[in-house]
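Terms are given with their cut-offs where they come up.

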Amino acid sequence: MNQPCNSMEPRVMDDDMLKLAVGDQGPQEEAGQLAKQEGILFKDVLSLQLDFRNILRIDNLWQFENLRKLQLDNNIIEKIEGLENLAHLVWLDLSFNNIETIEGLDTLVNLEDLSLFNNRISKIDSLDALVKLQVLSLGNNRIDNMMNIIYLRRFKCLRTLSLSRNPISEAEDYKMFICAYLPDLMYLDYRRIDDHTSLSAIREELELPNIEKMILECSADISELFDALMTLEMQLVEQLEETINMFERNIVDMVGLFIENVQSLMAQCRDLENHHHEKLLEISISTLEKIVEGDLDEDLPNDLRALFVDKDTIVNAVGASHDIHLLKIDNREDELVTRINSWCTRLIDRIHKDEIMRNRKRVKEINQYIDHMQSELDNLECGDILD
C-alpha cells in the first residue's frame, strides 16, 4: 500500500517544473511554438499532468484558476493542500501517493471524479463540498470501518465507487451493505451493481469447477492482453524509429545545404576582400608617389602620413590589414559551421533520448496495468464471484 522506495530526491512544484509540464503537454505545431515564445499563461491551461515526478508537496498552483483536470498520481505527496484556487476542477487524480487524511478539498465544488487509490487513508470524510461528485476511487487504502459507507449517502450524484483491497471489502456483508445504503450507485469495484442482485440464481447456475475455470480463462486473457499490448508497443517503436530516422536524414540534408550556402557566401566575401585589397594597394602606392614628388594637394593626418615612408612600409601595412580581414571571414565561417553541426547533433540526440524515455514509461504503464489486473484476479475468491 505504501509507495515503493525511489532513489530520486523529492522535488518541489516550482515555476520551472510547471512551465516545462505545460510546454510539454501543449500543442507542438507552429501555433504551440509561437505560444511558447510569447509566454504561457497558466490561467488558460485546462489540463495539467504531473505524474511520476517524485513530488513531495502540492504548491504553486494558484495561477491555474481555470484548470479542469489535474493529474498528480505516482508521486510521494503526503498531504492534500494548495488546491484552494482550483474551483473549476472537474477531475483530480491523487492515486499512488502517501496521503493519510482526506482534506483540502473544500473549494472544489465542481469536482466530479476523484481518485485516491493506493494511499494510506483510513477514514472517509471532509468531502462535504463535493456536491457534484460522481466517481470516487478509494481502493487499496486502510479503511476498516463500515460506517464510512453511511457518510457517502449525502452524495446524491455518486454513481461509481471503488473500495476494493481495503479491510472493509473483506467483510462478509460488504457488497450487501453498500447496496443497501447507496441505492443509486451503479458501479462498485469496477462491476455493475446489477451483477449482485440475483445471488441465488447465480449460485444455482455456477458451480465451483466452473468458477475456477473462469478464473483460469481470465488469467489467460490477461496474458493475451499483455502480449497484444507489448506487440503494439514494439510496432509503435519501429514506426517511430523509422520516422525519427527519416527526420534525421532530412535535417542533416538541410544542415548540409545551410553549410554550402555559408561557404558560398564566405567565398564571395573573400573575393570582395581581395578586390578591396588590390584597389587599396593601388591607391596607397599612387598616394606615396604623389607625396614623394610633392604633388599631393590634401593634408594627411600625422599617423597616416607615418605609413607613407617607403613602398615596403605601405605594402606591409595594407597586407596586414588584408590578412586580418581574411582571418575574420575564416573564423566566422568556422563558427557558423561548428554551431549548426553542434545544434543538429544535440537535436537528434535529444529526440532519441526522449523517445527512449517515452518507451520506458509506456512499458512501465503496461506492466502496472497488467500487474494490477492479475493481482485483482489472484485476490479474488470464489465467494466474491458469487457475490
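Ser 219 touches Gln 374 and Leu 377, leaving out residues up to four places away in sequence; contact here means heavy atoms within 4.5 Å. Ser 219 sits in helix α6, where helices (H or I, at least four residues) and strands (E, at least two) are DSSP runs numbered from the N terminus. Between Ser 219 and Met 373 there are 154 residues in sequence, yet their C-alpha atoms are 9.0 Å apart. Ser 219 counts as partly exposed because its relative accessibility is 23%; buried means under 20% relative accessible area, exposed over 50%, and partly exposed in between, with a 1.4 Å probe and protein chains only.

Glu 233 also has its place in helix α6. With 6% relative accessibility, Glu 233 counts as buried. Apart from residues up to four places away in sequence, Glu 233 touches Asn 359, Arg 362, Val 363 and Ile 366.

## Basis of the model

This is a predicted model, in which local features need pLDDT of at least 70 and side-chain atom pairs count only at pLDDT 80 or more, while totals for chains, interfaces and linings use all residues. Residues are numbered from 1 along each chain as its sequence is written, and side-chain values use heavy atoms, with hydrogens and water left out.

## Overall composition

The chain has nine helices and ten strands. Of its 387 residues, 32% are buried. Among contacts in the chain with a separation of 6 or more, 50% are between residues 24 or more positions apart.

## The cavity

How many cavities of 30 Å³ or more does the structure hold? There is one. On a 1 Å grid over the protein atoms alone, a cavity is a set of points where a 1.4 Å probe fits but cannot get out, and lining residues have an atom within 4 Å of a point. Grid points are joined across faces, edges and corners, and a volume is the space filled by probe spheres set on the points. The largest cavity contains about 30 Å³ of space.

The lining of the largest cavity consists of Glu 273, His 276, His 277, Leu 280, Val 318, Ser 321 and His 322. Helices α6 (208-293) and α8 (311-379) each supply at least two residues of this lining, and α6 gives the largest share, with four residues. By class, the lining has two nonpolar, four polar and one charged residues. In this scheme Ala, Val, Leu, Ile, Met, Phe, Trp, Tyr, Cys and Pro count as nonpolar, Asp, Glu, Lys and Arg as charged, and the others, Gly among them, as polar.

## The sheet

Eight strands make up an open sheet with mixed pairing, in the order β2-β4-β5-β6-β7-β8-β9-β10. The edges are β2 (47-49) and β10 (191-192), each with a single partner strand, so one side of each has no neighbour in the sheet. Two strands pair if DSSP finds at least two bridges between them.

Strands β8 (residues 160-162) and β9 (residues 187-188) run parallel and are joined by two bridges. Leu 161 stands opposite Leu 188 in β9.

## Helix α4

In helix α4 (residues 174-181) the buried residues are Tyr 174, Lys 175, Phe 177 and Ile 178. They lie on the same side of α4 because they cover an arc of only 160° around the axis; the arc is that of the directions from the helix axis to the C-beta atoms. The exposed residues Met 176 and Ala 180 are on the face of α4 turned away from its buried side.

## Loop residues

Most residues other than glycine have a negative phi. Asn 54 is not a glycine but has a positive phi of about 60°. Asn 54 is in the loop between β2 and β3 (55-57), and is buried, with a relative accessible area of 4%. Arg 165, also not a glycine, has a positive phi of about 65°. The loop between β8 and α4 holds Arg 165, which is partly exposed at a relative accessible area of 31%.

Ala 87 is placed in the loop between β4 (69-71) and β5 (91-93). Ala 87 counts as partly exposed, with 29% relative accessibility. Leaving aside neighbours within four places in sequence, Ala 87 is in contact with Thr 107, Val 109 and Asn 110. Ala 87 and Phe 64 are 23 residues apart in sequence and, C-alpha to C-alpha, 9.8 Å apart in space.

How values were computed: 1 Å grid on protein atoms, 1.4 Å probe; cavity = no way out; pocket = protein on both sides within 12 Å on 5 of 7 lines; lining within 4 Å.
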